[in-house]
Amino acid sequence: MELLGQLETILHVLAEFTIIILEFMGVSIIAAAGIRGFYNYVKGSPDTKRDLAKGLAVALEFKMGSEILRTVVVRQWEEIATVAGIILLRAALAFLIHWEIKEEDK
């Protein structure tokens, strides 16, 4: 039983570390896309909106991955419901952004 407890602790620590890394990567991509988008806007590039949307879509994928991984470490039904709501919201945002990219490509 003690071995299972240790393995669970290792899994919990590894999952929390990976969640933090994925969240950091998502935030970094949002920041980089925002800065690049502002630069393109100032230059007057016609692809500014599409490029910014692509950056946000990629960032949302990383953040959604962290939320899915978060389901491994939650213990109560209220936490599971909260994580599920966040996943659904981010999935809806990703769908809308992908739709916007397709409309811009037309």
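The model is a prediction, so local features are reported only at pLDDT of at least 70 and side-chain atom pairs only at pLDDT 80 or more, while totals for chains, interfaces and linings use all residues. Residues are numbered from 1 along each chain as its sequence is written, and side-chain values use heavy atoms, with hydrogens and water left out.

The chain has three helices and zero strands, with helices (H or I, at least four residues) and strands (E, at least two) taken as DSSP runs numbered from the N terminus. Reading from that end, the order is simply α-α-α. The radius of gyration is 18 Å, well over the 13 Å that the globule rule gives for 106 residues, so the chain is more spread out than a compact globule. Here the radius is taken over C-alpha atoms, and the rule is 2.2 Å times the number of residues to the power 0.38. Along the principal axes, the C-alpha atoms fill a box of roughly 65 × 20 × 20 Å.

As for contacts (heavy atoms within 4.5 Å), those with a separation of 6 or more come 74% from residues 24 or more positions apart. Of the 106 residues, 25% count as buried, meaning under 20% relative accessible area, with exposed set at over 50% and partly exposed in between (1.4 Å probe, protein chains only). The accessible surface comes to about 7500 Å², and carbon and sulfur atoms hold 72% of that; the areas come from the Shrake-Rupley method with a 1.4 Å probe, and for residues only the protein chains shown count as cover.

What makes up the largest nonpolar core? It has 10 residues: A53, A57, L60, M64, V74, V83, I87, A94, I97 and I101. Both α2 (48–70) and α3 (77–105) supply at least two residues each, and α3 gives the most, with five. A nonpolar core is a set of buried Ala, Val, Leu, Ile, Met, Phe, Trp, Tyr and Cys residues joined through side-chain atoms within 4.5 Å.

Helix α1 (residues 2–43) contains N40, which counts as buried at 10% relative accessibility. Leaving aside neighbours within four places in sequence, N40 is in contact with S45, T48 and D51. M25 is also found in helix α1, but is partly exposed at 30% relative accessible area. The C-alpha atoms of M25 and I101 are separated by 22 Å, and these residues lie 76 apart along the chain.
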